[in-house]
Amino acid sequence: METARDVLTTLARRYAFGDLAALCEAGVARLPSCVAAEARLLCSFGQRLIDLDAEDFGMPERTGDPEVDEYSVPEHLLARARASRMPQSAKERSRGALRTLRPAYGLLLEVIEARWHRREMAPLVAAVHIASEYLPLLAWQPVLGHAGDPALLPESVSGPGSRFGVPGGATRPRDCSLTRPQQSAAERALRVAREPGPGWRNYLDRQHSTVASALCTCAVSCRTPCDVVTRLNPEVLSALSERCRVAQEFADGALVRLRHAAPVGHGFGVPNPDEVSDAWTRTRTSVGRLSLGGRVVGDVADYPLPGLPELFSVAAGQEIVPDTLLRDLSDHLVAILQS
């Protein structure tokens, strides 16, 4: 017969952190108060991870319950989460996902896989959409030496021969392929490191993904290339352009369009697993036609959306594999519940 503690363990294994925390708070399984309190704190951390609440990744958990907040998330788990965190001020020492996006894409792959096994297609498509928005920055990272950090970006994309963030004048034709929103975001990116915290956070919330799109345009489809790309070695630029084409094809593909085609998360229009699989198959086929797409459609690792880890790896120019942060947190939770 399954016991209440077995149910809690099953929830931990399924990453059902919210449900597990609620049952611990309700006193199910009559756990010792110290065990229940520690489990609730870990569940708060786990829910933040699976929800991709990146602005608070790696921060000490505070539930508002003094008994619970006596405990802490193990530092080795916090440190791994911190690698995917967006810094909340321009001068924050730890640059997290602005230094490198590789840990964040490993976590995205793990979250997408978890959502698939939980048959939660709306948050899965939302995670895919997030991945598509920042994939150009992952492609640019080997060239920039960082993931589009506005504190460092000006030295790589500005200068006398650059039109990045420099809108055309009212009396002359625009000589840049960036759209007005892209140019506006680019101009903001070049100065936002001098703004206080609220302005910095507003930029990250509203314009950072647009800067990623702008850099993709610079590398792939600019009609009048400026110093942003002409300063690069031809071989470096060619490789960058091919990686950005992969990112662009993914963003324009059927899987990401599921997010735009229906009001996902508003109670209707949520795709089912078959629709997600079909959309991914069409996206994978279109990416496979690109010069770097062979790896995406070839022999791939076992994954619910076959070839997605390979697509991220191709765009990054470096291996990206699913993280195990959720699984390791789950193992830690189970050990506590069974102690």
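Guide: Start with Arg85, which counts as buried because its relative accessibility is 7%, under the 20% cut-off. This is a predicted model, and the values here are computed from it. The partner of Arg85 is Glu92. Their side chains meet in a salt bridge, with N to O at 2.2 Å. Glu92 has a relative accessibility of 22%, so Glu92 counts as partly exposed.

Next, take Arg82 and Glu75. Their side chains also form a salt bridge, at 3.2 Å from N to O. Arg82 is partly exposed, with a relative accessible area of 26%. Glu75 is partly exposed too, at 49%.

Now move to Asp149 and Arg95. Their closest N and O atoms are 2.8 Å apart, and the two residues form a salt bridge. Asp149 sits in the loop between α6 (121-144) and α7 (154-157). Arg95 sits in the loop between α4 (75-82) and α5 (102-117). The pair therefore ties together parts that are 54 residues apart in sequence. Asp149 is buried, with a relative accessible area of 1%. Arg95 counts as buried as well, at 14% relative accessibility.

Some bridges share partners. Asp51, Arg115, Arg118 and Glu120 are joined in this way into one network. Across the whole structure there are 18 salt bridges.

One more charge meets a ring. Arg119 lies over the face of Trp116, at 5.0 Å from the ring centre.

How many aromatic pairs does a search of the whole structure find? It finds four. In one of them, Phe250 and Trp280, the ring centres are 6.5 Å apart and the planes stand at 80°, so the pair is edge-to-face. Phe250 belongs to helix α12 (residues 234-251) and Trp280 to helix α14 (residues 273-288), so this contact ties together parts that are 30 residues apart in sequence. Phe250 has 0% relative accessibility and counts as buried. Trp280 counts as buried at 2%.

Phe250 also pairs with Phe312. That pair is edge-to-face: 6.0 Å centre to centre, with 85° between the planes. Phe312 lies in helix α16 (residues 308-316), and the pair links distant parts of the chain, 62 residues apart. Phe250 and Phe312 are both buried. Ring pairs link Tyr105, Phe250, Trp280 and Phe312 into a cluster.

Finally, step back to the fold. The protein has 17 helices and zero strands. Its radius of gyration is 22 Å, close to the 20 Å that the globule rule gives for 339 residues, so the protein is as compact as a globular protein of that length. The C-alpha trace spans about 75 × 45 × 35 Å along the principal axes. Of the 339 residues, 50% count as buried. Among contacts with a separation of 6 or more, 70% come from residues 24 or more positions apart. The bridge between Asp149 and Arg95 spans 54 residues, and the pair of Phe250 and Phe312 spans 62. As for the surface, the protein exposes about 15500 Å², and carbon and sulfur atoms supply 51% of that area.

Key: Residues are numbered from 1 along each chain as its sequence is written. Side-chain values use heavy atoms; hydrogens and water are left out. A salt bridge is a side-chain nitrogen of Lys or Arg within 4 Å of a carboxyl oxygen of Asp or Glu. Buried means under 20% relative accessible area, exposed over 50%, partly exposed in between (1.4 Å probe, protein chains only). Helices (H or I, at least four residues) and strands (E, at least two) are DSSP runs, numbered from the N terminus. Rings of Phe, Tyr and Trp (its six-membered ring) pair if their centres lie within 6.5 Å; planes under 30 degrees apart count as stacked, over 60 as edge-to-face and the rest as tilted. A charge sits over a ring if NZ of Lys or CZ of Arg is within 6 Å of the ring centre and within 35 degrees of the ring normal. The radius of gyration is taken over C-alpha atoms; the globule rule is 2.2 Å times the number of residues to the power 0.38. Contact means heavy atoms within 4.5 Å. Accessible areas come from the Shrake-Rupley method with a 1.4 Å probe; for residues, only the protein chains shown count as cover.
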